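Please walk through the model below, beginning with a pocket and ending with a helix.

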Amino acid sequence: MRKKCIRIVALLMIVCVGSLCGCVSIQKQDKEANQRGALEEEKPLSDLPGKNRDHIVVGFSQVGSESDWRNASTESFRNMFTAENGYYLLYEDAQQKQENQLKDVRNFILQEVDYIVLDPIVETGWDTVLKEAKDAGIPVILVDRTVEVENDDLYTCWVGSNFEEEGRRAGEWLESYLKWQERENDRIRIVTLQGTLESSSQIGRTQGFLKVLDANKKWEMLERRSGEFTQAKGKEVMDDFLSTYKDIDVVISENDNMTFGAIEAIEAAGKSCGPAGDIIVISFDAVQAALELMKRGKINADFECNPILGPFVSDIIQRLERGQEVEKIHYVQEQYFDASMNLEEILKKREY
Ligand code: GZL
């Protein structure tokens, strides 16, 4: 009996010491994780600065880390939402899954954050969770991509790009480029690498380009298929396009990482791309690595999508904190680049 008691006491001591270490490691994990921005363990609210706290607590659900553009977007928020700037950022990477974002938003509500920032991976499926945030009195600011909801009172505002405008400008650029090549009356065979289907960036770019495609009867869209905004999938889809279609004149790639994969596939098939190549390559995002490839003659044109949204969102939050009204839609300014430009100079000034 005595032995059993000693064993139980010993076991209890091990459990206590273990949980103490565990607690220390969780706290330590919290600290490290919080630097990464992924709070693994919920901290008691009293530990979080914010409402009646001395910081504004912002919960940010990010799409994932699928592209250079996405990483620049994340960095923009991390650099802006710091303690020095008066914020406490709860950052979650949803790994390109909507169900993770739904969990993120509900977790932010539970933690009574002051603001929710959401980059919605796709446009639909948000009404219920946005209503929960509204009922909890937590403003939701949409960034980058947007949502389709019954009632747009479910979110405070959206900061992002005019994706349809990006797509249309890409089509108009192709029109003028073909004219310059004296190919305006040629049959032009096009394939498109689409982004994540049903994301607003994919919908807008596809729709915008389609407007110009419809106005050019000699252009033929051989196929559109999603490369999911990633390099690997972009290569896989382009490989398949190249083995399916003998003559491709133009690739429209709805982000630079799919373009990187497409260029790999084109060159592996013994073809060439860019101004001196067999295939015209038109891309979106205009990240540094893509402009480097443009400088090396592999990309013809690239339509910028500005990922530096952190400062815009902080400005909106500061205005809301002062009780000011904010616009529903905030478009960011964007430009395009093509191989005729001085890319050396342009690259010196690029932030991302
Ligand atoms: C566009 C953004 C897209 C980028 C991709 O605003 O949603 O998602 O074009 C990223 O690089 O994956």
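Helix 5 (163-180), helix 6 (200-214) and strand 11 (329-331) each contribute at least two residues to the lining of the largest pocket. Helices (H or I, at least four residues) and strands (E, at least two) are DSSP runs, numbered from the N terminus. Helix 6 gives the largest share of that lining, 4 residues. This is a predicted model, in which local features need pLDDT of at least 70 and side-chain atom pairs count only at pLDDT 80 or more, while totals for chains, interfaces and linings use all residues. Residues are numbered from 1 along each chain as its sequence is written, and side-chain values use heavy atoms, without hydrogens and water.

The largest pocket holds about 280 Å³ of space. A pocket here is an open set of points on a 1 Å grid over the protein atoms alone where a 1.4 Å probe fits, with protein on both sides within 12 Å along at least five of seven lines; lining residues have an atom within 4 Å of a point. Of the 16 lining residues, Glu123, Thr146, Trp158, Ser200 and Tyr331 are the closest to the centre of the largest pocket.

In helix 4 (residues 127-135), the buried residues are Val129, Leu130 and Ala133. Seen down the axis of helix 4, they fall within an arc of 100 degrees, so they line one face of the helix; the arc is that of the directions from the helix axis to the C-beta atoms. The face turned away from the buried side of helix 4 carries the exposed residues Thr128 and Asp135. Buried means under 20% relative accessible area and exposed over 50% (1.4 Å probe, protein chains only).

How values were computed:
Grid points are joined across faces, edges and corners, and a volume is the space filled by probe spheres set on the points.
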